[in-house]
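This report describes a few local features of one structure. The sequence and the coordinates are shown below.

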Amino acid sequence: MAIKRSSSKSTPPASRQPKKPISGASRVAEKMADTDSLARAFPSNAIKAAEYGRNGALNPPQGQSEEAPSNDVSASTLAEANSNDKTGNPADAGENPNNAPLEKVRVDSAGRALTTNQGVAIADNQNSLKAGLRGPTLLEDFILREKITHFDHERIPERVVHARGSAAHGYFECHEALTDLTMAAPFAEAGKRTPVFVRFSTVAGERGSTDLARDVRGFAVKLYTDQGNWDLVGNNMPIFFIQDAMKFPDLIHAVKPEPHNALPQAASAHDTFWDFASLMPEITHMLMWVMSDRAIPRSYRMMQGFGVHTFRLVNAQGESVFVKFHWNPTAGTHSVVWDEAVKISGADSDFHRRDLWEAIEAGAYPEWELGLQIFTEQQAEKFSFDVLDPTKIVPEELVPVRTVGKMVLNRNPDNFFAETEQVAFCTQHVVPGIDFSNDPLLQGRNFSYHDTQLSRLGGPNFHQLPINASIAQVHNNQRDAMHQQAIPRGRVAYEPNSLGGGCPFQAGKMGFMSFPEPLRDDKLRGKPEKFADHYTQATLFYNSQTPAEQNHIVDAFRFELTKVQTPAIRARMVAGLMNVDNGLASRVAQGLGIGLPEPLPRVLAKPPKPEVTRSPALSLTARPGDGSIRTRCVALLVADGMDGAASQAIHDALTAQGAVAKYIAHRLGSVRPAAGEAIEADATLETAPPVLFDAVVLPSGQAAINALLKNGAAMNFVKEQYQHCKPILALKGANALLAAAGITPRWPDGSADPGLLVVSGQDDATAAKAFVKAIAGHRYFARQMDPSPV
Ligand code: HDE
């Protein structure tokens with residue numbers, strides 16, 4: 001019998017057509033006889049012998065299955081044909097309707113009255129039931145009790161890490177068939193689309209914490225493949241803090257709010273984190289990444305994603321290669337600056353959540369290319385680092401990234417809780433064609449994710465929650481447990497069986513088979529020697545950054561360690577940085593007002609010579625994006641007496657490019673230009689502070705400029721846009737605002753600042769064109785000085 005893989009709505013076989021009820025006794029006898037005849041088709045367990053020996057392990061046979069002589073044999077009850085509005089008809093052969101699209105659970109209440117959870121219409125949703133209008137509320141009020149009880153239990157435990165997150169639906173599309181490398185369903189043929197649900201998150205903060213914390217971002221992709229769910233649970237940085245799952249609880253306890261006073265929220269800038277970090281030299285490479293601009297992305301849409309660990313691809317011939325997964329955003333990789341991140345947290349702590357939601361609502365669907373780094377075990381053995389060590393990257397110069405498909409997020413969820421909160425990602429959710437490496441962190445994760453869902457989602461049936469259900473059919477003999485949603489038909493809940501015609505049967509080689517990696521070693525606790533090189537790749541990362549990015553890393557270390565209260569921890573951390581780069585260590589030490597300590601002792605006195613000492617791909621500037629300014633937010637400052645036509649021309653030009661342009665005024669209402677129609681303010685200086693915008697346009701018109709010059713909030717707007725290195729367009733005459741803010745249109749080295757456009761002679765169209773280009777350039781870091789004169 002062929003294996004049924006997907007839902008088919010075809011007519012069930014004749015034997016499965018509901019039988020007409022016949023008289024009880026003869027029907028029971030007939031069922032017993034049919035059952036016996038089915039059982040006779042299984043004289044023994046035909047595949048038992050294959051359980052033993054290597055050949056059987058490599059070639060698991062498909063289980064025996066036989067069609068039952070009658071539908072009654074596999075039924076739970078002979079009465080199943082007595083259908084009604086609730087029971088409906090008997091199950092179609094081989095069908096699990098829970099694996100149908102989400103529309104089967106999507107609820108719409110249009111035209112419907114309020115009811116209780118039992119479907120009883122509620123007459124009055126305003127008042128509880130009382131003994132008299134002024135009397136006590138009665139215990140009898142089951143409507144009130146149901147409502148309040150449900151409310152009391154609305155919360156489920158938040159994720160122990162990655163509690164704060166946002167998600168969207170979309171698809172992955174494969175550019176070319178990768179069947180030579182893997183039998184994984186998403187790569188089966190060019191153009192094949194696989195539905196995805198992607199959740200982005202921060203790690204340390206609680207569910208209501210700010211989006212702009214300095215932190216790693218989670219980048220978890222659930223691919224609903226036709227072979228079952230594959231979860232690629234990655235981050236926006238390609239490495240991790242620790243090398244062994246054993247240390248994960250320690251890491252998280254160190255970074256989370258300190259246990260005595262629950263301080264600070266969503267921040268690593270406190271003693272326990274840096275105490276731990278400075279005692280764990282393998283963390284150093286990851287510290288470079290989390291102190292870099294990668295930890296404060298401009299948007300989820302503008303960051304890379306990585307599978308982090310080395311995984312395996314396995315093809316239908318059983319051949320395997322190693323692989324690293326990369327998601328590269330079409331919009332490019334962009335970040336905010338730290339001062340901005342701090343202020344965004346106050347102005348709009350949902351900044352990333354809102355950005356993702358609004359972009360998708362506006363039809364600007366975020367997109368990533370999937371890149372694979374593919375290498376063999378033999379290649380890996382020659383690398384100067386161990387590919388099983390999750391604190392190491394495989395530099396792109398060593399193994400290039402091959403683009404194999406794209407992911408598009410084009411649908412927001414209907415309901416945050418039901419989808420984004422209840423989605424359960426598990427690293428062990430893989431499909432045939434994808435397999436694990438022996439990375440000890442990955443191995444530990446493969447235990448942890450399922451385990452955590454048990455308490456978070458209340459039991460082992462979390463896979464039945466609509467957002468978690470696969471689109472591939474689910475059939476097995478697991479039973480019962482909290483919140484069981486399915487009603488399995490029949491009396492058979494074990495395998496092998498003959499009473500259920502052998503079904504569901506073992507899939508054999510059609511099913512998931514682990515790659516038979518040869519292993520022969522001692523059982524012990526420890527790490528390979530190569531894992532002991534803690535600094536080479538940290539130095540590689542630092543050396544691969546632009547000077548501005550290096551400055552930001554220095555500033556981030558200074559900020560974090562200044563917040564540390566224990567001087568010995570600060571000194572120990574700087575001692576660790578001495579092994580990365582002397583310049584970095586001394587600049588951080590300077591910021592902390594301490595002398596340079598002795599470097600921390602190195603575990604590996606002579607690390608192997610690295611293959612590369614600079615990797616340009618590690619800089620955020622390596623991916624400027626496609627040049628589009630779609631969804632970039634631009635503020636146009638407006639005031640009475642402005643040149644309305646000039647601002648409007650820029651507004652129109654920006655909108656035509658897909659940017660979100662907003663008129664920002666002192667107060668809501670109409671602004672009266674010197675000539676022409678009134679302009680309606682979209683927001684005020686108070687509610688839409690500068691950190692929420694990617695660029696600003698300063699108006700022309702003397703009266704407006706004079707008004708803005710006298711407005712502290714407006715002047716602050718101009719200054720902050722400049723400090724945060726954003727593009728500024730000063731329309732004719734508005735250079736007075738720049739001058740009053742202490743801004744000169746030149747960089748400290750005397751050259752022209754390409755992010756600062758001052759209109760003098762040229763027309764508005766030329767100015768708009770130049771401004772669009774400047775916005776696509778994102779930030780102009782050469783402006784930054786320490787301390788900032790503006
Ligand atoms: Fe996780 N991690 N993790 N992690 N992780 C969780 O699972 C864990 C690690 C990552 O949007 C938890 O469902 C261990 C690396 C993401 O729902 C938990 C170890 C990477 C998400 C867990 C790691 C990640 C999680 C908490 C070390 C990048 C959010 C709630 C052995 C490759 C998924 C949950 C979502 C979530 C454990 C290390 C990424 C407790 C034990 C490395 C993106 O199971």
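The text below takes up an iron site, a helix, a strand residue and the cysteines of this predicted model.

**Iron site.** The iron atom of the ligand has Y449 as its only protein donor. The OH of Y449 lies at 1.9 Å from the iron. Y449 itself belongs to helix α12, which spans residues 440-456.

**Helix α8.** Helix α8 covers residues 338-347, and its buried residues are E340, A341 and I344. Viewed down the axis of α8, these buried residues fall within an arc of 100°, so they line one face of the helix. In general, residues three or four places apart in an α-helix point the same way, because there are 3.6 residues a turn. Helix α9 (351-361) is included in what covers the buried residues of α8.

**T202.** Strand β2 (residues 193-202) contains T202. T202 is buried, at a relative accessible area of 1%. Apart from neighbours within four places in sequence, T202 is in contact with H162, A163, R164, T210, D211, D215, V216 and R217.

**Cysteines.** How many disulfides does the structure hold? There are zero. A disulfide would need two cysteine sulfur atoms within 2.5 Å.

| Cysteine | Closest cysteine sulfur | Distance |
|---|---|---|
| C633 | in C725 | 18 Å |
| C725 | in C633 | 18 Å |

The sulfur of C633 is therefore too far from that of C725 for a bond. C725 is also buried, with a relative accessible area of 0%.

Note on methods: Residues numbered from 1 in each chain as written. Predicted model: local features only at pLDDT ≥ 70, side-chain atom pairs only at ≥ 80, totals over all residues. Heavy atoms only, no water. Buried < 20%, exposed > 50% of the residue type's maximum accessible area, 1.4 Å probe, protein only. Helix = DSSP H or I, 4+ residues; strand = E, 2+ residues; numbered from the N terminus. Arc of directions from axis to C-beta. Contact = heavy atoms within 4.5 Å. Donors = N, O, S within 2.8 Å, 3.2 Å for Na, K, Ca; no water.
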